[in-house]
Amino acid sequence: KAAVLGRVPAVRMFLAVVSVLVVLGPVALAEPKKSRPAPAQFCKVGIVGAGWGGTYASWRLGIDTGPDKGGVDARDICIFEAFGRPGGRTYDIHFGDYILDVGAYRFAGDMHLPADLIANALRLPSVCYDPTCIDDDVRKEVIWPYSEPLRKLVDFDGRNVGYGAPLEVMLGQLRHAGALVQLGTEVTGVEKTAEGWRLHFLSGSSAEVISLVLNLPRVVLSGITGLQEALAGRWPAVSCVERSFPKGVTEGRATVKVYAVYEEAWWVSRLGLLRGTLEDMDTDPPVSIHYHDGEVLCSAGVDAGGTQIWKPAREVDDRRICRGVLQVFYRHSQLCPSSNPGCMEYWARLPRANASNPLTMAGAADSVVQEVHEKLLSMHASKFHALNISKAGIKSPMAVAYSVWSRSDVLPAGDRGLLSSPADVIFEKDLPDSCGASSVPEYQDMVQGTGTWANIAPGLHLANNDFCAGRAAAWHGPWAEMSLLGAERVLLRAFKLQRPAWLNESYYAREILGAILHKPCVANAFI
């Protein structure tokens with residue numbers, strides 16, 4: 001119990017140590033700069049949305065570059081986020097002493113944004129997502145353009161810290177340097193002013209900014225009063241939707257991720273299943289397991305004070321006493337099998353704790369927990385029999401966490417679409433005429449407010465993986481990398497920031513300086 005209660009403070013301490021001592025070094029030990037009182041009345045740079053793109057743009061301007069190198073004093077940056085947590089589609093939750101990634105959660109080593117940011121700039125530790133570093137499961141599911149293994153973030157003990165950890169570190173540095181970070185602050189309107197832009201908030205307050213970066217999904221942008229009028233000729237690119245998937249791929253109405261939290265990780269302790277996949281989509285609840293996904297801890301003895309020591313299963317040889325989390329299901333709607341094209345429907349029909357929040361935590365008393373448990377044991381019955389292992393004493397999960405990210409055009413009743421599933425632009429040969437652009441580079445400029453489109457709504461820029469545009473033949477999922485690439489292009493073309501020294505030079509030249517029509521939409525995290 002003590003370990004469970006101490007886990008969250010320990011993670012926060014880990015992030016604080018990394019943020020202050022490892023990254024900033026002695027400079028960070030100075031007194032924090034004084035920030036303006038909230039709510040802000042004026043900021044030179046306003047960032048709306050504290051997901052990957054918004055947080056990264058703020059950090060690059062105010063911390064990584066700074067005013068002495070062409071950036072911005074962090075005290076002149078204001079970040080506004082509608083939810084009470086940063087991350088957007090990167091969504092970490094704490095349950096007991098586990099951290100569950102119910103949204104985006106992994107990245108390839110040669111997916112240089114965010115990989116180089118995480119390893120070289122923020123210096124956060126990570127390990128292979130697959131203990132063997134092979135990733136054969138992902139490579140079989142989609143067209144895979146990366147050669148280096150997928151990775152996940154861990155602390156100094158090898159424990160999961162969640163994909164939101166880099167965002168927490170960047171925001172921590174920004175706060176320390178005097179930036180204003182306002183969570184729970186929803187933007188409802190935008191209007192042009194003499195110097196820049198005025199933001200109107202749901203609370204009735206407002207703020208004025210000179211430059212504005214919106215890191216928001218398409219469906220959210222469509223609901224902001226005054227934005228369509230302000231963007232004028234750029235709006236066709238912002239609003240266009242094209243979902244022409246590769247042959248054999250159809251789109252359902254959601255992306256779903258499900259985890260079961262067990263007191264005994266029986267798939268490891270009894271069956272030895274540390275990695276690999278298993279699925280049964282033909283009966284409800286549909287199940288698609290990745291054994292190596294959820295965190296599993298095994299007993300590694302006791303310390304000098306008699307407290308039990310738990311270590312990641314991949315680090316110990318004796319796995320007879322283990323507990324942990326099993327990924328029960330993870331599918332984009334486009335990846336349902338032909339035998340069950342509606343494989344999302346079971347999960348999409350389940351009651352949600354909050355209509356506008358993808359995540360619901362079902363407790364032991366909820367029927368879905370027992371249904372999941374019975375299905376899992378049934379799927380492994382032959383394995384138990386083959387090994388002559390008993391199922392006796394295996395308890396139902398303590399909880400089942402299911403996150404349902406609905407498509408923006410088929411939102412369930414009450415869902416405002418603030419956290420919808422990604423809606424990148426996918427086309428067969430050419431961008432549709434409705435996008436208003438003749439090429440992907442022109443489309444990017446229209447969305448980002450750069451290049452020949454810089455004079456339309458000047459100073460107003462967009463960066464989100466909804467605006468990834470690429471051909472169906474190269475589609476491999478809407479990864480968060482696209483938000484980072486969009487943000488980096490805005491930083492170059494609108495703010496004149498050059499390549500950061502920590503970012504791979506050839507990657508920067510290809511993805512930032514030389515994006516061309518046939519280049520696939522590269523994106524990271526949400527798969």
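Reply: α2 and α5 are oblique to each other, and since this is a predicted model, that description applies to the predicted coordinates. Two packed helices are described by the angle between their axes and the distance between the axes. For helix α2, which spans residues 52-65, and helix α5, which spans residues 165-176, the axes come within 10 Å and cross at roughly 40°.

Turning to the backbone, most residues other than glycine have a negative phi, and most peptide bonds are trans. Against that background, the peptide bond from leucine 113 to proline 114 is cis, with omega near 25°, and proline 114 lies in helix α3, residues 112-121. A cis peptide bond also runs from aspartate 284 to proline 285, here with omega near -5°, and proline 285 has its place in the loop between β13 (277-280) and β14 (287-290).

Positive phi values are found at cysteine 133, with about 65° although this residue is not a glycine, and at lysine 496, which is likewise not a glycine and has a phi near 65°. Cysteine 133 sits in the loop between β6 (126-128) and α4 (136-141), where its relative accessibility of 31% makes it partly exposed. Lysine 496 belongs to the loop between α14 (481-493) and α15 (505-513), and with a relative accessible area of 58% this lysine 496 is exposed.

As for confidence, the chain averages a pLDDT of 89, and 89% of the residues score at least 70. Over residues 1-5, however, pLDDT stays under 50, and the model has 3 contacts beyond four places in sequence for them. Residues 516-527 also stay under 50 in pLDDT, and for this stretch the model has 65 contacts beyond four places in sequence. Where pLDDT is low, the predicted coordinates should not be read in detail.

Technical notes:
Residues are numbered from 1 along each chain as its sequence is written. This is a predicted model: local features need pLDDT of at least 70, side-chain atom pairs count only at pLDDT 80 or more; totals for chains, interfaces and linings use all residues. Side-chain values use heavy atoms; hydrogens and water are left out. Axes are lines fitted to C-alpha atoms, for helices over the stretch in contact, and angles run from 0 to 180 degrees between N-to-C directions. Helices (H or I, at least four residues) and strands (E, at least two) are DSSP runs, numbered from the N terminus. Angles under 35 degrees count as roughly parallel, over 145 as roughly antiparallel, 65 to 115 as roughly perpendicular and the rest as oblique. pLDDT is the predictor's confidence in each residue, from 0 to 100. Contact means heavy atoms within 4.5 Å. Buried means under 20% relative accessible area, exposed over 50%, partly exposed in between (1.4 Å probe, protein chains only).
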